[in-house]
Amino acid sequence: MSRTAPLVFVMAAGLGTRMKSDLPKVLHRIAGRPLLHWVVTSARAAGAGRVIAILGHKADAVQASLGAVFGPGAVEVAVQSEQRGTGHAVQCALPAVTAEPDDRIVVILSGDAPLLGSERIAELVAACEASPAGLALLSTVPPRPMPYGRLVRETGGKLLRIVEDADATEDQRKIRDTNAGFYAIRLGHLRHDLARLRADNAKGELYLTDLVAHAAARGGATAIDAPFAEVAGINDRVDLAASEAVARRQINEAWMRAGVTMTDPATTYIDADAGPIGRDVWLGPNVALRGKTSIGDAVRIDTGSVLTNVQVADHAYLKPYSALTDTVIGPRAEIGPFTHCRPGSRIDEDAKLGNFVETKKTHMMAGAKANHLAYLGDASVGAKANIGAGTITCNYDGVGKYQTTIEAGAFIGSDTQLVAPVTVGRDAYVGAGTTVTKDVPRGSLALTRVKQVNVEGWADRFREAQAKRKKPGDEH
């Protein structure tokens, strides 16, 4: 770790009561990614040497979420067990950096403000490095009056202090320049100034914003103006939806500039962790690419399709309203419409799944096809095998799941039930309406349906009998 890389503290201990949720606020998601993960991702992209999350409410759940994504211990944790303000939160993180030198820069971020980019964090660090006061912060002008701290300056523009909304006078509340809640400060100044904080304010809390007044004695902190949408924090579900809209627009614009066509970007939903997405990809309206979905070149995904953690290779075609999860799609494969690929499905090159086909833990090998109305679970379907309409693999007996193997070139007639475990050999045929309960040898024909009987003249005799039984005046 570089001794010059910034240390990052992320404040994420709040209760989030306005979310009205059992889930910790920082684990609510926008574009598929938890709020806190957005902040950690940006900090790491900005070159953070260490990231320390300051946790409180349901700290174990939040720490587990961080470990699952970034690796155990990759994001360090400090605990603020009692909520006594932002200044107290940062005090709780200081023991984690006891061995760090005073000249290290500490970046302090909010865990509920997901849209701050790595470039802005780097700008904040650079401003702190250049500041004689050793402190830089982000300011913003909200689009409407909000209970943010106001930046109070002297006539010459020097930043004197930040006055929190609860402590501000009416004249101070008219100041439009507000505190965004992001800071970069030399560690030595942070140690010294945190020790001087006092809870002599309307809320009885230790305000981190009081660092600005201490910096005024060193020449004044540097304030960098940032767009409100970039620094907005999440307090309730309305804020969550607003940030979601901004994030999705940014994601879509970036992919379109990279060569992806979206017929209706407003209804195209691509998660933050999706990608890569290749060139000349075409996405229809209401397409959703969730989780870690990746798309190759020249893929077409039509209206209403939902992909979650799916890998799609070049030139594949997903027709409307297909739902795929934890699935691998090979080159030139065709899926849909109305196909459901459940976890563990692998569809190889040139294979086809048609309307109302469902797969689960099934491998469709090259050129295999099931064009309509089939369920294939726990199955291996060989190259160029054909699965007729109405075919199902009976893979579950109420206790266990069993495998069906259909070898290359086999032809499975319509309305076939394959009772697993069972194997249909290479190039074998299974007649329509057959229930297969034992293996079918290579090149064989399997039939189990009842022999057809034609009763000559039966229909005419039936109608005559019915007509005699019909009462006068009866109507159909």
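Analyst: A cavity is a set of points, on a 1 Å grid over the protein atoms alone, where a 1.4 Å probe fits but cannot get out. This is a predicted model, in which local features need pLDDT of at least 70 and side-chain atom pairs count only at pLDDT 80 or more, while totals for chains, interfaces and linings use all residues. Residues are numbered from 1 along each chain as its sequence is written, and side-chain values use heavy atoms, with hydrogens and water left out.

By this rule there is one cavity of 30 Å³ or more, and the largest cavity holds about 40 Å³ of space, a volume being the space filled by probe spheres set on points joined across faces, edges and corners. Its lining (residues with an atom within 4 Å of a point) consists of W38, V39, S42, L109, S110, A113, P114, L116, I121 and F182. By class, eight of these residues are nonpolar, two are polar and none is charged, where Ala, Val, Leu, Ile, Met, Phe, Trp, Tyr, Cys and Pro count as nonpolar, Asp, Glu, Lys and Arg as charged, and the others, Gly among them, as polar.

At least two lining residues come from each of α1 and β6 (105–110), and the largest share, three residues, belongs to α1; helices (H or I, at least four residues) and strands (E, at least two) are DSSP runs numbered from the N terminus.

The helix α1 also packs against helix α2 (residues 59–70), their axes coming within 11 Å and crossing at roughly 50°; axes are lines fitted to C-alpha atoms over the stretch in contact, with angles from 0 to 180 degrees between N-to-C directions. The two helices α1 and α2 are therefore oblique to each other, since angles under 35 degrees count as roughly parallel, over 145 as roughly antiparallel, 65 to 115 as roughly perpendicular and the rest as oblique.

On the α1 side of this meeting are L36, H37, V40, T41 and R44, and on the α2 side V62, S65, L66, V69 and F70, with contact meaning heavy atoms within 4.5 Å. The residues of this contact divide into six nonpolar, three polar and one charged.

To draw the picture together, α1 supplies three residues to the lining of the largest cavity, and residues of α1 such as L36 and V40 take part in the meeting with α2.

Notes. On a 1 Å grid over the protein atoms alone, a cavity is a set of points where a 1.4 Å probe fits but cannot get out, and a pocket is an open set with protein on both sides within 12 Å along at least five of seven lines; lining residues have an atom within 4 Å of a point.
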